[in-house]
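I opened this notebook page to record what I looked up, one entry at a time. The entries follow the order in which I went through the model.

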Amino acid sequence: MNSEKGLTSAPNSAKNNLLQRRDFLSGAATLAGVSLVGGAGSSPLEPVANAAPPPEPAPPSMTPTVERKLARWQDQRWLLDAVIATVGPEWDQGRLGGLAGIPGGAADAASLRARIHKFNDISREFARSAVRREREARQLEKDGRTVAARETYFLAAHLYAGAQWPIFENTPDNLLLNDKKNECYAKYIQFADHEIRRVEIPFGAPGKTLPGYLHLPPNHTGRVPCVWSISGLDSNKEGGAAIYGDGLRERGIATLALEGPGQNECSIRGIHLTQTNWDDAGKVVLDWLRSQKEIDPDKIALRGASLGTYLGTRVASVDSRLKGAALQAMALEPTMFTAFHMGSPSFKLRFLYYTGLENEAELDKFLESWTLRGIAEKVKCPYLIVGGEDDQLSPVEYGLQHMDMITAPKQMLLYEGALHSVSGAPSATNGPSTGSFVSDWFVDRFAGKSMQSKLMKVDAGGQIHEFKFEESRKALSVALLLQGGEGRNTTPEKPQQVQEP
(Lines give C-alpha, C1' and ligand atoms only; values in the text may rest on other atoms or scores of the structure.)
Protein backbone atom coordinates (compact mmCIF):
# COMPACT_ATOMS: atom_id res chain seq x y z
CA MET A 1 0.00 0.00 0.00
CA ASN A 2 1.39 3.44 -0.90
CA SER A 3 0.69 4.82 2.54
CA GLU A 4 2.86 2.12 4.11
CA LYS A 5 5.69 3.01 1.75
CA GLY A 6 5.27 6.59 2.83
CA LEU A 7 5.85 5.56 6.45
CA THR A 8 8.75 3.15 5.96
CA SER A 9 10.75 4.44 2.99
CA ALA A 10 13.04 7.43 3.16
CA PRO A 11 12.00 10.01 0.57
CA ASN A 12 14.42 10.71 -2.22
CA SER A 13 13.26 14.28 -2.69
CA ALA A 14 10.89 16.89 -1.33
CA LYS A 15 8.55 16.16 -4.24
CA ASN A 16 8.44 12.46 -3.41
CA ASN A 17 7.80 13.27 0.23
CA LEU A 18 4.83 15.45 -0.74
CA LEU A 19 3.31 12.72 -2.91
CA GLN A 20 3.80 10.14 -0.17
CA ARG A 21 2.20 12.45 2.35
CA ARG A 22 -0.81 12.97 0.05
CA ASP A 23 -1.15 9.20 -0.39
CA PHE A 24 -1.08 8.80 3.37
CA LEU A 25 -3.71 11.50 3.93
CA SER A 26 -5.90 9.95 1.26
CA GLY A 27 -5.73 6.46 2.73
CA ALA A 28 -4.37 5.14 5.98
CA ALA A 29 -5.02 8.12 8.21
CA THR A 30 -8.63 8.38 7.13
CA LEU A 31 -9.21 4.67 7.63
CA ALA A 32 -7.86 5.01 11.13
CA GLY A 33 -10.15 7.93 11.83
CA VAL A 34 -13.27 6.12 10.65
CA SER A 35 -12.30 3.14 12.79
CA LEU A 36 -13.48 5.10 15.82
CA VAL A 37 -16.88 3.39 15.39
CA GLY A 38 -17.78 1.61 18.62
CA GLY A 39 -20.01 -1.22 19.76
CA ALA A 40 -18.82 -4.67 20.76
CA GLY A 41 -18.29 -6.80 17.69
CA SER A 42 -20.09 -4.20 15.62
CA SER A 43 -17.45 -3.38 13.07
CA PRO A 44 -14.26 -4.91 11.66
CA LEU A 45 -12.77 -1.44 12.05
CA GLU A 46 -13.35 -1.36 15.82
CA PRO A 47 -10.18 -0.43 17.79
CA VAL A 48 -8.73 -3.03 20.11
CA ALA A 49 -9.70 -2.54 23.77
CA ASN A 50 -7.18 -0.53 25.79
CA ALA A 51 -5.21 0.33 22.65
CA ALA A 52 -3.90 3.85 22.20
CA PRO A 53 -6.54 6.14 20.63
CA PRO A 54 -6.23 6.30 16.84
CA PRO A 55 -5.41 9.66 15.27
CA GLU A 56 -8.15 12.05 14.23
CA PRO A 57 -9.31 11.43 10.66
CA ALA A 58 -7.28 13.26 8.07
CA PRO A 59 -9.04 15.02 5.20
CA PRO A 60 -9.70 12.54 2.38
CA SER A 61 -8.29 14.13 -0.74
CA MET A 62 -8.50 13.42 -4.43
CA THR A 63 -5.35 12.46 -6.23
CA PRO A 64 -3.57 15.25 -8.13
CA THR A 65 -4.54 13.57 -11.41
CA VAL A 66 -8.23 14.18 -10.74
CA GLU A 67 -7.73 17.67 -9.37
CA ARG A 68 -5.91 18.61 -12.58
CA LYS A 69 -8.66 17.39 -14.92
CA LEU A 70 -10.55 20.68 -14.71
CA ALA A 71 -8.77 23.97 -15.36
CA ARG A 72 -11.25 26.15 -13.48
CA TRP A 73 -11.05 23.88 -10.44
CA GLN A 74 -7.29 24.51 -10.27
CA ASP A 75 -7.47 28.21 -11.09
CA GLN A 76 -10.22 28.97 -8.58
CA ARG A 77 -9.32 26.57 -5.77
CA TRP A 78 -7.85 29.36 -3.65
CA LEU A 79 -10.99 31.42 -4.22
CA LEU A 80 -13.21 28.42 -3.41
CA ASP A 81 -11.56 28.05 -0.01
CA ALA A 82 -11.88 31.78 0.62
CA VAL A 83 -15.60 31.67 -0.21
CA ILE A 84 -16.17 28.68 2.08
CA ALA A 85 -14.33 30.48 4.88
CA THR A 86 -16.65 33.48 4.40
CA VAL A 87 -19.99 31.93 3.39
CA GLY A 88 -19.72 28.45 4.87
CA PRO A 89 -20.17 24.92 3.50
CA GLU A 90 -23.29 25.80 1.51
CA TRP A 91 -21.51 28.14 -0.89
CA ASP A 92 -22.74 26.26 -3.99
CA GLN A 93 -25.97 24.64 -2.78
CA GLY A 94 -27.68 23.39 0.35
CA ARG A 95 -26.08 20.37 1.95
CA LEU A 96 -27.00 20.99 5.59
CA GLY A 97 -30.67 21.95 5.39
CA GLY A 98 -31.74 18.37 4.77
CA LEU A 99 -30.17 17.28 8.05
CA ALA A 100 -32.61 19.49 9.97
CA GLY A 101 -35.47 17.21 8.94
CA ILE A 102 -33.83 14.24 10.66
CA PRO A 103 -34.21 13.90 14.45
CA GLY A 104 -30.97 15.22 15.95
CA GLY A 105 -29.74 16.48 12.61
CA ALA A 106 -30.08 20.20 13.34
CA ALA A 107 -27.31 19.95 15.93
CA ASP A 108 -25.00 18.23 13.44
CA ALA A 109 -25.78 20.88 10.81
CA ALA A 110 -24.87 23.67 13.22
CA SER A 111 -21.70 21.90 14.30
CA LEU A 112 -20.61 21.24 10.72
CA ARG A 113 -21.26 24.85 9.78
CA ALA A 114 -18.96 25.95 12.59
CA ARG A 115 -16.17 23.47 11.79
CA ILE A 116 -15.95 23.65 8.00
CA HIS A 117 -13.75 26.51 6.75
CA LYS A 118 -12.26 25.11 3.52
CA PHE A 119 -13.02 22.43 0.94
CA ASN A 120 -10.78 19.78 2.50
CA ASP A 121 -12.64 20.16 5.80
CA ILE A 122 -15.92 18.90 4.34
CA SER A 123 -15.27 15.17 4.09
CA ARG A 124 -13.30 14.96 7.31
CA GLU A 125 -15.89 16.81 9.39
CA PHE A 126 -18.86 14.94 7.92
CA ALA A 127 -17.01 11.68 8.60
CA ARG A 128 -16.26 12.79 12.16
CA SER A 129 -19.96 13.46 12.79
CA ALA A 130 -20.97 10.20 11.09
CA VAL A 131 -18.60 8.14 13.21
CA ARG A 132 -19.95 9.73 16.39
CA ARG A 133 -23.57 9.14 15.35
CA GLU A 134 -22.92 5.53 14.34
CA ARG A 135 -21.29 4.85 17.70
CA GLU A 136 -24.31 6.43 19.42
CA ALA A 137 -26.74 4.37 17.31
CA ARG A 138 -25.00 1.13 18.19
CA GLN A 139 -25.25 1.92 21.87
CA LEU A 140 -28.94 2.79 21.53
CA GLU A 141 -29.51 -0.52 19.75
CA LYS A 142 -27.65 -2.36 22.49
CA ASP A 143 -29.86 -0.65 25.08
CA GLY A 144 -33.01 -1.74 23.24
CA ARG A 145 -33.99 1.82 22.26
CA THR A 146 -34.85 0.87 18.70
CA VAL A 147 -36.76 4.02 17.68
CA ALA A 148 -33.86 6.26 18.72
CA ALA A 149 -31.44 3.81 17.08
CA ARG A 150 -33.46 3.96 13.85
CA GLU A 151 -33.26 7.75 13.76
CA THR A 152 -29.57 7.85 14.57
CA TYR A 153 -28.58 5.19 12.02
CA PHE A 154 -30.56 7.16 9.41
CA LEU A 155 -28.69 10.32 10.37
CA ALA A 156 -25.32 8.55 10.31
CA ALA A 157 -26.02 7.22 6.80
CA HIS A 158 -26.72 10.74 5.56
CA LEU A 159 -23.56 12.06 7.23
CA TYR A 160 -21.47 9.34 5.58
CA ALA A 161 -23.06 10.30 2.25
CA GLY A 162 -22.07 13.91 2.93
CA ALA A 163 -18.50 12.78 3.60
CA GLN A 164 -18.44 11.03 0.22
CA TRP A 165 -19.57 14.06 -1.76
CA PRO A 166 -16.22 15.94 -2.07
CA ILE A 167 -14.36 12.87 -3.39
CA PHE A 168 -14.81 12.71 -7.15
CA GLU A 169 -13.04 9.40 -7.73
CA ASN A 170 -13.01 5.87 -6.34
CA THR A 171 -10.38 6.34 -3.65
CA PRO A 172 -10.11 3.96 -0.69
CA ASP A 173 -11.78 6.70 1.38
CA ASN A 174 -14.78 6.92 -0.94
CA LEU A 175 -15.20 3.14 -1.02
CA LEU A 176 -15.00 2.86 2.76
CA LEU A 177 -17.43 5.72 3.34
CA ASN A 178 -19.83 4.14 0.85
CA ASP A 179 -19.68 0.84 2.75
CA LYS A 180 -20.32 2.61 6.06
CA LYS A 181 -23.25 4.54 4.55
CA ASN A 182 -24.81 1.30 3.29
CA GLU A 183 -24.17 -0.43 6.61
CA CYS A 184 -25.91 2.32 8.59
CA TYR A 185 -28.83 2.49 6.19
CA ALA A 186 -29.25 -1.29 6.45
CA LYS A 187 -29.53 -0.90 10.23
CA TYR A 188 -32.11 1.86 9.70
CA ILE A 189 -34.10 -0.52 7.51
CA GLN A 190 -34.01 -3.11 10.30
CA PHE A 191 -35.84 -0.74 12.67
CA ALA A 192 -37.83 1.40 10.18
CA ASP A 193 -41.55 2.06 10.70
CA HIS A 194 -42.39 0.89 7.18
CA GLU A 195 -41.21 -1.87 4.88
CA ILE A 196 -38.07 -1.05 2.90
CA ARG A 197 -36.34 -3.41 0.48
CA ARG A 198 -32.81 -2.97 -0.79
CA VAL A 199 -33.02 -3.67 -4.51
CA GLU A 200 -30.41 -4.46 -7.17
CA ILE A 201 -31.75 -4.20 -10.72
CA PRO A 202 -29.59 -5.90 -13.40
CA PHE A 203 -28.37 -3.43 -16.01
CA GLY A 204 -25.71 -3.41 -18.68
CA ALA A 205 -22.83 -5.85 -18.47
CA PRO A 206 -23.32 -9.22 -16.74
CA GLY A 207 -23.10 -8.84 -12.98
CA LYS A 208 -23.78 -5.09 -13.04
CA THR A 209 -26.79 -3.77 -11.12
CA LEU A 210 -28.45 -0.46 -10.24
CA PRO A 211 -28.80 -0.07 -6.43
CA GLY A 212 -31.79 1.41 -4.66
CA TYR A 213 -34.47 1.14 -2.01
CA LEU A 214 -38.16 0.35 -2.44
CA HIS A 215 -40.19 2.09 0.29
CA LEU A 216 -43.70 0.71 0.81
CA PRO A 217 -46.45 2.61 2.65
CA PRO A 218 -47.33 1.31 6.13
CA ASN A 219 -50.14 -1.23 6.37
CA HIS A 220 -50.38 -1.51 2.60
CA THR A 221 -52.70 -4.11 1.15
CA GLY A 222 -52.80 -5.33 -2.40
CA ARG A 223 -50.90 -3.50 -5.12
CA VAL A 224 -50.07 0.17 -4.53
CA PRO A 225 -49.09 3.09 -6.80
CA CYS A 226 -45.36 3.83 -7.00
CA VAL A 227 -43.19 6.84 -7.85
CA TRP A 228 -39.64 6.34 -9.09
CA SER A 229 -37.56 9.11 -7.48
CA ILE A 230 -34.59 10.25 -9.62
CA SER A 231 -32.04 12.28 -7.68
CA GLY A 232 -29.82 15.15 -8.80
CA LEU A 233 -26.10 15.54 -9.41
CA ASP A 234 -25.26 15.86 -5.71
CA SER A 235 -28.10 13.83 -4.18
CA ASN A 236 -28.35 10.11 -3.40
CA LYS A 237 -30.78 7.22 -3.02
CA GLU A 238 -30.72 7.56 0.78
CA GLY A 239 -32.41 10.94 0.39
CA GLY A 240 -35.18 9.58 -1.83
CA ALA A 241 -37.69 9.16 1.02
CA ALA A 242 -38.05 11.00 4.34
CA ILE A 243 -37.70 9.16 7.63
CA TYR A 244 -41.04 10.56 8.88
CA GLY A 245 -43.93 12.38 7.23
CA ASP A 246 -42.93 11.40 3.73
CA GLY A 247 -45.45 13.05 1.40
CA LEU A 248 -45.89 10.03 -0.86
CA ARG A 249 -45.93 7.38 1.84
CA GLU A 250 -48.52 9.37 3.81
CA ARG A 251 -50.77 9.17 0.73
CA GLY A 252 -50.37 5.41 0.31
CA ILE A 253 -47.81 5.66 -2.50
CA ALA A 254 -44.61 3.60 -2.66
CA THR A 255 -41.26 5.15 -3.63
CA LEU A 256 -38.41 3.59 -5.57
CA ALA A 257 -35.29 5.58 -4.67
CA LEU A 258 -32.77 4.31 -7.20
CA GLU A 259 -29.36 5.42 -8.44
CA GLY A 260 -28.98 5.16 -12.20
CA PRO A 261 -25.99 5.43 -14.55
CA GLY A 262 -23.37 7.85 -13.22
CA GLN A 263 -25.02 8.48 -9.88
CA ASN A 264 -23.04 7.86 -6.69
CA GLU A 265 -22.78 4.10 -6.13
CA CYS A 266 -23.15 3.47 -9.87
CA SER A 267 -19.96 5.44 -10.56
CA ILE A 268 -18.24 3.39 -7.89
CA ARG A 269 -19.39 0.28 -9.78
CA GLY A 270 -18.20 1.62 -13.12
CA ILE A 271 -21.70 2.27 -14.50
CA HIS A 272 -21.13 5.73 -15.94
CA LEU A 273 -23.48 8.22 -17.55
CA THR A 274 -23.71 8.28 -21.35
CA GLN A 275 -25.91 10.32 -23.66
CA THR A 276 -28.51 7.56 -23.98
CA ASN A 277 -28.13 4.94 -21.24
CA TRP A 278 -30.79 6.54 -19.03
CA ASP A 279 -33.25 5.74 -21.83
CA ASP A 280 -32.15 2.10 -21.56
CA ALA A 281 -32.19 2.19 -17.77
CA GLY A 282 -35.70 3.64 -17.82
CA LYS A 283 -37.04 0.69 -19.79
CA VAL A 284 -35.29 -1.85 -17.55
CA VAL A 285 -36.30 -0.25 -14.26
CA LEU A 286 -39.94 0.30 -15.24
CA ASP A 287 -40.22 -3.30 -16.44
CA TRP A 288 -38.79 -4.43 -13.11
CA LEU A 289 -41.20 -2.24 -11.14
CA ARG A 290 -44.21 -3.59 -13.01
CA SER A 291 -43.13 -7.12 -12.15
CA GLN A 292 -43.17 -6.51 -8.39
CA LYS A 293 -46.09 -8.11 -6.57
CA GLU A 294 -46.62 -5.05 -4.31
CA ILE A 295 -46.77 -2.49 -7.16
CA ASP A 296 -49.76 -1.64 -9.37
CA PRO A 297 -48.24 -1.86 -12.87
CA ASP A 298 -50.76 0.66 -14.20
CA LYS A 299 -50.00 3.30 -11.54
CA ILE A 300 -46.34 4.24 -11.88
CA ALA A 301 -44.96 7.78 -12.18
CA LEU A 302 -41.65 9.66 -12.02
CA ARG A 303 -40.27 12.29 -9.68
CA GLY A 304 -36.99 14.04 -10.41
CA ALA A 305 -34.90 16.77 -8.79
CA SER A 306 -32.27 19.04 -10.37
CA LEU A 307 -30.31 16.86 -12.83
CA GLY A 308 -33.23 14.47 -12.36
CA THR A 309 -35.38 16.90 -14.37
CA TYR A 310 -33.22 16.15 -17.42
CA LEU A 311 -32.84 12.43 -16.71
CA GLY A 312 -36.51 12.07 -15.77
CA THR A 313 -37.58 13.64 -19.06
CA ARG A 314 -35.49 11.10 -20.96
CA VAL A 315 -37.11 8.25 -19.01
CA ALA A 316 -40.59 9.69 -19.56
CA SER A 317 -39.92 9.83 -23.31
CA VAL A 318 -39.49 6.05 -23.58
CA ASP A 319 -42.60 4.88 -21.69
CA SER A 320 -46.14 5.77 -22.72
CA ARG A 321 -47.73 3.95 -19.76
CA LEU A 322 -46.46 6.37 -17.11
CA LYS A 323 -49.16 8.24 -15.20
CA GLY A 324 -47.08 11.38 -14.84
CA ALA A 325 -43.67 13.01 -14.41
CA ALA A 326 -43.24 15.73 -11.75
CA LEU A 327 -39.82 17.35 -11.87
CA GLN A 328 -38.40 20.05 -9.59
CA ALA A 329 -35.36 22.40 -9.65
CA MET A 330 -34.66 22.83 -13.34
CA ALA A 331 -31.52 21.50 -15.03
CA LEU A 332 -32.79 21.98 -18.57
CA GLU A 333 -30.26 24.28 -20.24
CA PRO A 334 -28.66 22.65 -23.29
CA THR A 335 -24.91 22.01 -22.69
CA MET A 336 -25.43 23.08 -19.03
CA PHE A 337 -23.29 26.14 -19.72
CA THR A 338 -24.52 28.25 -16.80
CA ALA A 339 -24.04 25.55 -14.17
CA PHE A 340 -20.64 24.45 -15.46
CA HIS A 341 -19.09 27.81 -16.38
CA MET A 342 -20.80 30.33 -14.08
CA GLY A 343 -21.49 28.12 -11.05
CA SER A 344 -19.05 26.52 -8.65
CA PRO A 345 -16.35 24.43 -10.41
CA SER A 346 -17.40 21.53 -8.17
CA PHE A 347 -20.44 20.93 -10.39
CA LYS A 348 -18.45 20.25 -13.54
CA LEU A 349 -15.77 18.20 -11.79
CA ARG A 350 -18.41 15.97 -10.22
CA PHE A 351 -20.18 15.59 -13.57
CA LEU A 352 -16.85 14.53 -15.08
CA TYR A 353 -16.74 11.78 -12.42
CA TYR A 354 -20.28 10.73 -13.38
CA THR A 355 -19.34 10.27 -17.03
CA GLY A 356 -16.06 8.48 -16.40
CA LEU A 357 -14.40 10.63 -19.07
CA GLU A 358 -10.70 11.32 -18.80
CA ASN A 359 -10.44 15.08 -19.25
CA GLU A 360 -12.32 18.34 -19.68
CA ALA A 361 -11.93 18.37 -23.47
CA GLU A 362 -13.76 15.03 -23.70
CA LEU A 363 -16.49 16.33 -21.40
CA ASP A 364 -16.95 19.53 -23.41
CA LYS A 365 -17.37 17.42 -26.54
CA PHE A 366 -19.89 15.24 -24.69
CA LEU A 367 -21.89 18.30 -23.61
CA GLU A 368 -22.19 19.68 -27.15
CA SER A 369 -25.07 17.24 -27.72
CA TRP A 370 -26.53 17.48 -24.20
CA THR A 371 -30.05 18.59 -25.08
CA LEU A 372 -33.64 17.42 -24.75
CA ARG A 373 -34.65 18.66 -28.19
CA GLY A 374 -36.13 15.70 -29.98
CA ILE A 375 -36.64 13.96 -26.62
CA ALA A 376 -39.14 16.27 -24.91
CA GLU A 377 -41.50 15.98 -27.87
CA LYS A 378 -41.82 12.22 -27.23
CA VAL A 379 -43.19 12.59 -23.69
CA LYS A 380 -46.80 11.33 -23.59
CA CYS A 381 -47.69 11.45 -19.88
CA PRO A 382 -48.91 14.47 -17.86
CA TYR A 383 -45.84 16.60 -17.11
CA LEU A 384 -45.07 19.07 -14.29
CA ILE A 385 -42.07 21.33 -13.76
CA VAL A 386 -41.58 23.15 -10.43
CA GLY A 387 -38.88 25.80 -10.48
CA GLY A 388 -37.47 29.08 -9.27
CA GLU A 389 -37.70 32.19 -11.43
CA ASP A 390 -34.12 33.15 -10.52
CA ASP A 391 -32.60 29.68 -10.90
CA GLN A 392 -28.87 30.40 -10.89
CA LEU A 393 -27.89 27.06 -12.49
CA SER A 394 -30.46 26.75 -15.29
CA PRO A 395 -32.00 30.10 -16.31
CA VAL A 396 -35.79 30.12 -16.42
CA GLU A 397 -35.83 31.04 -20.13
CA TYR A 398 -34.54 27.54 -20.93
CA GLY A 399 -37.29 26.05 -18.79
CA LEU A 400 -39.93 27.97 -20.74
CA GLN A 401 -38.36 26.95 -24.05
CA HIS A 402 -38.36 23.36 -22.84
CA MET A 403 -42.04 23.50 -21.97
CA ASP A 404 -42.78 24.72 -25.50
CA MET A 405 -41.42 21.38 -26.76
CA ILE A 406 -43.68 19.31 -24.48
CA THR A 407 -46.86 18.40 -26.36
CA ALA A 408 -48.44 16.29 -23.58
CA PRO A 409 -50.70 17.92 -20.94
CA LYS A 410 -48.28 20.12 -19.00
CA GLN A 411 -48.04 22.45 -16.05
CA MET A 412 -45.33 24.67 -14.64
CA LEU A 413 -45.26 26.02 -11.07
CA LEU A 414 -42.85 28.96 -10.99
CA TYR A 415 -41.85 30.74 -7.76
CA GLU A 416 -41.04 34.44 -8.07
CA GLY A 417 -37.41 35.22 -7.24
CA ALA A 418 -36.64 31.69 -6.01
CA LEU A 419 -33.30 29.99 -6.60
CA HIS A 420 -32.46 26.58 -8.09
CA SER A 421 -33.65 24.70 -5.02
CA VAL A 422 -36.97 26.62 -5.13
CA SER A 423 -36.01 28.54 -1.99
CA GLY A 424 -34.53 31.87 -0.95
CA ALA A 425 -37.53 34.08 -1.74
CA PRO A 426 -40.80 35.17 -0.06
CA SER A 427 -42.75 33.26 -2.70
CA ALA A 428 -41.25 30.00 -1.45
CA THR A 429 -42.01 30.92 2.17
CA ASN A 430 -45.57 32.13 1.59
CA GLY A 431 -46.60 29.95 -1.33
CA PRO A 432 -47.63 26.30 -1.52
CA SER A 433 -45.26 23.69 -0.14
CA THR A 434 -43.59 22.07 -3.14
CA GLY A 435 -43.59 18.67 -1.43
CA SER A 436 -47.33 18.75 -0.71
CA PHE A 437 -48.17 20.19 -4.14
CA VAL A 438 -46.24 17.47 -5.97
CA SER A 439 -47.58 14.67 -3.76
CA ASP A 440 -51.18 15.78 -4.35
CA TRP A 441 -50.45 16.13 -8.06
CA PHE A 442 -49.46 12.45 -8.11
CA VAL A 443 -52.65 11.49 -6.24
CA ASP A 444 -54.70 13.20 -8.96
CA ARG A 445 -52.76 11.49 -11.75
CA PHE A 446 -53.20 8.05 -10.19
CA ALA A 447 -56.91 8.80 -9.77
CA GLY A 448 -57.15 9.52 -13.50
CA LYS A 449 -58.18 13.16 -13.12
CA SER A 450 -57.85 15.30 -16.22
CA MET A 451 -55.19 18.02 -16.18
CA GLN A 452 -55.39 21.46 -17.76
CA SER A 453 -52.18 22.79 -19.30
CA LYS A 454 -51.17 26.04 -17.62
CA LEU A 455 -48.33 28.07 -16.19
CA MET A 456 -48.75 29.02 -12.52
CA LYS A 457 -46.73 31.85 -11.00
CA VAL A 458 -46.41 32.17 -7.21
CA ASP A 459 -45.86 35.81 -6.22
CA ALA A 460 -44.12 37.15 -3.11
CA GLY A 461 -47.32 36.99 -1.10
CA GLY A 462 -47.91 33.36 -1.96
CA GLN A 463 -50.74 34.02 -4.42
CA ILE A 464 -50.90 31.87 -7.55
CA HIS A 465 -51.50 33.55 -10.92
CA GLU A 466 -52.42 31.38 -13.90
CA PHE A 467 -51.39 31.91 -17.52
CA LYS A 468 -51.40 30.12 -20.82
CA PHE A 469 -47.93 29.03 -21.91
CA GLU A 470 -48.02 31.35 -24.91
CA GLU A 471 -48.36 34.17 -22.35
CA SER A 472 -45.35 33.07 -20.33
CA ARG A 473 -43.64 36.45 -20.62
CA LYS A 474 -46.49 37.96 -18.61
CA ALA A 475 -45.67 35.61 -15.73
CA LEU A 476 -42.21 37.09 -15.12
CA SER A 477 -41.87 39.45 -12.17
CA VAL A 478 -41.80 42.89 -13.79
CA ALA A 479 -44.74 42.16 -16.07
CA LEU A 480 -46.67 40.65 -13.18
CA LEU A 481 -46.06 43.72 -11.02
CA LEU A 482 -47.27 46.01 -13.78
CA GLN A 483 -50.49 44.01 -13.80
CA GLY A 484 -51.00 44.82 -10.12
CA GLY A 485 -50.08 41.43 -8.69
CA GLU A 486 -47.66 42.69 -6.07
CA GLY A 487 -48.75 40.18 -3.42
CA ARG A 488 -49.33 40.49 0.29
CA ASN A 489 -45.82 40.22 1.66
CA THR A 490 -42.78 41.53 -0.14
CA THR A 491 -40.39 41.64 2.80
CA PRO A 492 -37.02 40.57 1.38
CA GLU A 493 -35.27 37.66 3.00
CA LYS A 494 -31.72 36.39 2.75
CA PRO A 495 -31.37 33.80 -0.03
CA GLN A 496 -30.83 30.38 1.48
CA GLN A 497 -30.38 27.08 -0.27
CA VAL A 498 -32.04 23.97 1.07
CA GLN A 499 -31.11 20.34 0.54
CA GLU A 500 -32.40 18.85 -2.70
CA PRO A 501 -35.18 16.38 -2.15
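**Entry 1, cysteines.** I began with Cys-381, which counts as buried because its relative accessibility is 2%. I then turned to Cys-184, which also counts as buried, since its relative accessibility is 0%. A disulfide is a covalent bond between the sulfur atoms of two cysteines, and when I looked for such bonds I found that the structure holds zero disulfides. I note here that I am working from a predicted model.

I looked up the secondary structure and noted 20 helices and 10 strands. Of the 501 residues in the protein, 57% are buried. For the contacts with a separation of 6 or more, I recorded that 73% are accounted for by residues 24 or more positions apart.

I asked which residues of H6 are buried, and I found Arg-77, Leu-80 and Ile-84. They lie on the same side of H6, because they cover an arc of only 50° around the axis. An α-helix has 3.6 residues a turn, so residues three or four places apart point the same way. On the face of H6 that is turned away from its buried side, I noted the exposed residues Trp-78 and Thr-86. I also asked what covers the buried residues of H6; the cover includes helix H4 (64–67), helix H5 (71–75) and H8.

Just after H6 I came to Gly-88, which takes a positive phi of about 110°. Gly-88 lies in the loop between helix H6 (77–87) and H7, and it counts as buried because its relative accessibility, 9%, is under the 20% cut-off. I also looked up its distance to Arg-115: the two residues are 27 apart in sequence, and their C-alpha atoms are 9.2 Å apart in space.

Two packed helices are described by the angle between their axes and the distance between the axes. For helix H7 (residues 105–115) and helix H8 (residues 119–142), I wrote down an angle of about 145° and axes 10 Å apart, and the crossing of H7 and H8 is right-handed. From H7, the contact is made by Ala-107, Asp-108, Leu-112 and Arg-115, while H8 brings Asp-121, Glu-125, Phe-126, Arg-128, Ser-129, Arg-132 and Arg-133. Sorted by class, this contact of H7 with H8 has three nonpolar, one polar and seven charged residues.

The axes of helix H12 (residues 277–290) and H13 come within 8 Å and cross at roughly 65°, and I recorded the crossing as right-handed. Here Trp-278, Asp-279, Gly-282 and Leu-286 in H12 meet Leu-311, Arg-314 and Val-315 in H13, and by class this contact has four nonpolar, one polar and two charged residues. I ended with helix H17 (residues 396–405), where Val-396, Gly-399, Leu-400, His-402, Met-403 and Met-405 are buried. What covers the buried residues of H17 includes helix H13 (307–316), together with strand S7 (383–388), strand S8 (410–415) and strand S9 (454–458).

Note on methods
Residues are numbered from 1 along each chain as its sequence is written. This is a predicted model: local features need pLDDT of at least 70, side-chain atom pairs count only at pLDDT 80 or more; totals for chains, interfaces and linings use all residues. Side-chain values use heavy atoms; hydrogens and water are left out. Axes are lines fitted to C-alpha atoms, for helices over the stretch in contact, and angles run from 0 to 180 degrees between N-to-C directions. Helices (H or I, at least four residues) and strands (E, at least two) are DSSP runs, numbered from the N terminus. A crossing is left-handed if the near helix is turned anticlockwise from the far one by less than a right angle, and right-handed if clockwise. Contact means heavy atoms within 4.5 Å. Ala, Val, Leu, Ile, Met, Phe, Trp, Tyr, Cys and Pro count as nonpolar, Asp, Glu, Lys and Arg as charged, and the others, Gly among them, as polar. Buried means under 20% relative accessible area, exposed over 50%, partly exposed in between (1.4 Å probe, protein chains only). The arc is that of the directions from the helix axis to the C-beta atoms. A disulfide is a pair of cysteine sulfur atoms within 2.5 Å.
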